[in-house]
Amino acid sequence: VKYDYSIYLNILGKDITGKTSFLKRIKLYDDYKSFKEFTAKYNPSDGIDIDDIISKYNNKIFKFLLWDSAGQDIYRDIVLIPCKMGDCILIFYDALDKESFEKAKVYYEEALKVNKKKAIYFLIRSKYDLKCNSDNNEIVSDEEALIFADKNNLIFAHISPLEKDEN
């Protein structure tokens, strides 16, 4: 397929923050009847998974090259390599996991150092619709995340791979 634009999208963050689920849902979710059926077929990433999506908008064809990185520290050096050419860098954290937010800050700083383009950075609060159990409060408030995002010119967004109840 001939395309008009190619966009490199890097997905970073601590393990188990929903990066792979987000990517696979964009690419494949419509093929499954339920979220459970969908997630049962996919395991977390090891190293880097590469995928692409071709999309048409305003009579232009876009190719999105998606670099989904593993969040385990053992892969830290290799997951930053594709960030050198990233046009968009999505950094995920789980608001119920303070460590994932602290690692998101580190991923941002490291990606900023290696990126050779002027990438657009996103701070993604994943699993926004999950609730804390009654013994805990939310560990990372949206206010805390927004302060970090505003200070560093990141676009802040909430996502969840869970499907919504239609009742």
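**Close-up 1. Asn-58 sits in the loop between strands β2 (48–57) and β3 (60–69).** Strands are DSSP runs of E, at least two residues long, and helices are runs of H or I, at least four residues long, both numbered from the N terminus. This is a predicted model, where local features need pLDDT of at least 70, side-chain atom pairs count only at pLDDT 80 or more, and totals for chains, interfaces and linings use all residues. Residues are numbered from 1 along each chain as its sequence is written, and side-chain values use heavy atoms, with hydrogens and water left out. Phi of Asn-58 is positive, near 50 degrees, in a residue other than glycine. Asn-58 is exposed, at 58% relative accessible area (exposed is over 50%, buried under 20%, partly exposed in between; 1.4 Å probe, protein chains only).

**Close-up 2. Asn-59 also lies in the loop between β2 and β3.** Phi of Asn-59 is positive too, about 60 degrees, although Asn-59 is not a glycine. Asn-59 counts as exposed, with 66% relative accessibility.

**Close-up 3. Helix α4 (residues 98–114) and helix α5 (residues 142–151) come within 12 Å, axis to axis.** Their axes cross at roughly 5 degrees (lines fitted to C-alpha atoms, for helices over the stretch in contact; angles run from 0 to 180 degrees between N-to-C directions). That makes α4 roughly parallel to α5 (under 35 degrees; over 145 is roughly antiparallel, 65 to 115 roughly perpendicular, the rest oblique).

**Close-up 4. Residues of α4 meet residues of α5.** Lys-98, Phe-101, Glu-102, Lys-105 and Tyr-108 come from α4. Glu-144, Ala-145 and Phe-148 come from α5. Contact means heavy atoms within 4.5 Å. The contact residues divide into 4 nonpolar, no polar and 4 charged (nonpolar: Ala, Val, Leu, Ile, Met, Phe, Trp, Tyr, Cys and Pro; charged: Asp, Glu, Lys and Arg; polar: the others, Gly among them).
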